Amino acid sequence: MSRNSAIEWTNGTWNPVTGCTKVSAGCDNCYAERLSERFRGVTGHPFEPGFDLTLRPARLEQPLGWRRPQLIFVNSMSDLFHKEIPAEYIHRVFDTMERADWHTYQVLTKRSSLMRRFVRERYPGGFAPSHIWLGVSIENDAALTRLKHLKETNASVRFVSFEPLLGSIGDVSLKDIHWVIAGGESGPGARPIEPDWVRELRDQCEIQHVAFFFKQWGGRTPKAGGNTLDGRQWLEYPAVKSSASNST
């Protein structure tokens, strides 16, 4: 785990799985792949297998040992609902999140239909606990089906990460969504982001009373362009009961 994550909207990360495969344009310049592949073949290194999908059972119960409540981004280096991760293993991840309920977990996926199905099966007739936030990543309007799937997921708290934001999302209903994150791409070959794409999301969040968090403009490095939009920072969190502090 990274106890002091560089990701602005969380406190730390927990990776019971690492590695993934690409599913859409938002994956093209994946930071996790870039980091992992630097160490492919380095004997004994955690990323010796590079970005190959790898289950990490030794990490499954790590949050139980972290006594200070915090926001934890689950699988920052993978996607918990990758089709090759056994359902039994995902259940074990949820078992830990339910047991270590003094933390707040942020679970983000691009496999939205698989998340919807899993959550329905785990919580038949009910909802995931409020300290387990469930979200989807959407990079452009072509990926908006994920928003539909998220709304159909039995989640107490739903969030959307529009990062990397690669185009205008257009008019979008945020009904039953509690939090929106937006940000530009960073790293080598980072694709540009237009301010008006961010403004239209912010404005719709304000109109629809959804918390809005603008993470970064991006560029060669995550901090290159800062995170100021129209003269201020937008660092809102959902107004829901949280087990952890929202401070990073």
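1. In helix α3, which spans residues 112–122, the residues Ser112, Met115, Arg116, Phe118, Val119 and Arg122 are buried, where buried means under 20% relative accessible area, exposed over 50% and partly exposed in between, with a 1.4 Å probe and protein chains only. Helices (H or I, at least four residues) and strands (E, at least two) are DSSP runs, numbered from the N terminus. What covers the buried residues of α3 includes α2, β5, β6 (132–137) and α4 (145–151).

2. Before reading further, note that this is a predicted model, in which local features need pLDDT of at least 70 and side-chain atom pairs count only at pLDDT 80 or more, whereas totals for chains, interfaces and linings use all residues. Residues are numbered from 1 along each chain as its sequence is written, and side-chain values use heavy atoms, with hydrogens and water left out.

3. Strand β4 (residues 71–74) has Leu71 and Phe73 pointing one way and Ile72 and Val74 the other way, and all are buried. Two strands pair if DSSP finds at least two bridges between them; β4 runs parallel to β1 (residues 12–14), joined by 3 bridges, and also parallel to β5, joined by 4 bridges. Isoleucine 72 of β4 is the bridge partner of glycine 12, while leucine 71 has threonine 104 of β5 as its bridge partner.

4. A nonpolar core is a set of buried Ala, Val, Leu, Ile, Met, Phe, Trp, Tyr and Cys residues joined through side-chain atoms within 4.5 Å. Which residues of the largest nonpolar core touch the most other members? Of its 52 residues, they are Phe94, Met97, Leu134, Phe162 and Phe212, and helix α2 (residues 87–99) gives the most to this core, with 5 residues. A second, separate core of 13 residues includes Leu71, Phe73, Ile181 and Phe213.

5. Methionine 97, leaving aside its neighbours within four places in sequence, is in contact (heavy atoms within 4.5 Å) with Trp14, Val74, Tyr105, Val107, His131 and Ile132.

6. The largest pocket has a volume of about 1,100 Å³, and, of the 44 residues that line this pocket, the closest to its centre are Ile7, Cys30, Tyr31, Ala32 and Ser76. A pocket is an open set of points on a 1 Å grid over the protein atoms alone, where a 1.4 Å probe fits, with protein on both sides within 12 Å along at least five of seven lines, and lining residues have an atom within 4 Å of a point. The volume is the space filled by probe spheres set on the points, which are joined across faces, edges and corners. Helix α1 gives the most to the lining, with 5 residues.
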